[in-house]
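This briefing goes through one protein model by topic.

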Amino acid sequence: KLKLFLIPKDEADKKNAIIEIRAGTGGLEASLFASDLFKMYEKVSNKKKWKLELINISKSDAGGLKEVIALVKGQNIYSTLKYESGVHRVQRVPDTETQGRVHTSAATVAVLPEAEEVDVKIEEKDLRIDVFRSSGPGGQSVNTTDSAVRITHIPTGIVVSQQDEKSQIRNKEKGLKILRSRIYELERQKKEDERSKDRKSKIGTGDRSERIRTYNFPQGRITDHRINLTLHKLEEFLNGDAFEELSQSLRLQDQEIKLANLK
């Protein structure tokens, strides 16, 4: 227990988290999987009495999601959800598949600590703000005013677009919230990389290009590749019931690696 107290604390652990889910390779099936992942995080949030606020959502055909960004509020949210960052892969037979073949597709999850204004100071002169008309599915204009906002942070090149709200002011507020968190995460990652140049662990580092987990529907199993753990509880996991079991295993392994690095 004493050794655990010696592990360098991540000040972001106590923060709320912004979770971004994007459909990856696999077309329509990938967007349906992105939707499944979002529903899973919604169920986990309900079970843990967290508050989930939708920031931005972009739907695909057949009820899938191209992209969804949400803010999760509660106690020590980032410390639990940070292990979700990476590529999630699904193997299943799509509804459109007549031959019964298993297809593989993927979705990307990025979890950022919510940054307050005190964490990141954004200068107005460093921003370029463009306004445009919101467009709905199929390209039709949702409203007749230029309420959609695109914010570019010139020093880092980070771009955030926001068009969920009918008000330009609300879209700018939401856009700045995402921008602040992305800048904060960029700075944190730089510090982390400097601190752990010799560390080989991928757990908790949020490497978004890394394939972290496979959801195999024909066999009803879920495998986390970072810790080589397989649970035959796919349905329970997607219902938010087995989430804590996997999350706990990742947290313990992360602690063990950090303890080993103290020596």
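Strand β4 (residues 86-92) is mostly covered, with six of its seven residues buried. Buried means under 20% relative accessible area, exposed means over 50%, and partly exposed lies in between (1.4 Å probe, protein chains only). Helices (H or I, at least four residues) and strands (E, at least two) are DSSP runs, numbered from the N terminus. This is a predicted model, in which local features need pLDDT of at least 70 and side-chain atom pairs count only at pLDDT 80 or more, while totals for chains, interfaces and linings use all residues. Residues are numbered from 1 along each chain as its sequence is written, and side-chain values use heavy atoms, with hydrogens and water left out.

**Strand β4 and its partners**

- Two strands pair if DSSP finds at least two bridges between them.
- Seven bridges link β4 with strand β5 (residues 103-113) in the antiparallel sense, and R89 stands opposite A106 of β5.
- β4 and strand β9 (residues 211-216) run parallel and are joined by five bridges; the partner of R89 in β9 is T214.
- In a regular strand the side chains alternate between the two faces of the sheet.

**The chain as a whole**

- The protein chain contains six helices and 11 strands.
- Of its 263 residues, 44% count as buried.
- Contact means heavy atoms within 4.5 Å. Among contacts between residues at least 6 apart in sequence, 60% join residues at least 24 apart.
- The chain exposes about 14,400 Å², and carbon and sulfur atoms supply 49% of this area. Accessible areas come from the Shrake-Rupley method with a 1.4 Å probe; for residues, only the protein chains shown count as cover.

**Confidence**

- The predictor's confidence in each residue, from 0 to 100, is called pLDDT.
- Its mean over the protein chain is 86, and 88% of the residues reach 70 or more.
- Residues 137-141 have a pLDDT below 50, and this stretch has five contacts in the model beyond near neighbours in sequence.

**Core and helix α2**

- A nonpolar core is a set of buried Ala, Val, Leu, Ile, Met, Phe, Trp, Tyr and Cys residues joined through side-chain atoms within 4.5 Å.
- The largest such core has 52 residues, and those with the most contacts inside it are I21, L37, Y41, L81, L179 and Y215. Helix α2 gives the most to this core, with seven residues.
- Leaving out residues up to four places away in sequence, L81 touches A17, Y41, W50, V72, V111 and F243.
- S35 is placed in α2 (residues 27-47) and counts as buried because its relative accessibility is 6%. Apart from neighbours within four places in sequence, S35 is in contact with G63, G64 and L65.

**Salt bridges**

- A salt bridge is a side-chain nitrogen of Lys or Arg within 4 Å of a carboxyl oxygen of Asp or Glu. By this rule the count is 26.
- R213 and E84 meet in a salt bridge through their side chains (2.8 Å, N to O). R213 lies in β9 and E84 in the loop between α3 (77-81) and β4, so the pair ties together parts that are 129 residues apart in sequence.
- R213 is buried at 0% relative accessibility, and E84 is buried at 2%.
- The side chains of K174 and E165 also form a salt bridge (2.8 Å, N to O). K174 is buried at 11%, whereas E165 is partly exposed at 24%.
- Salt bridges that share partners join E20, R22, E67 and R182 into one network.
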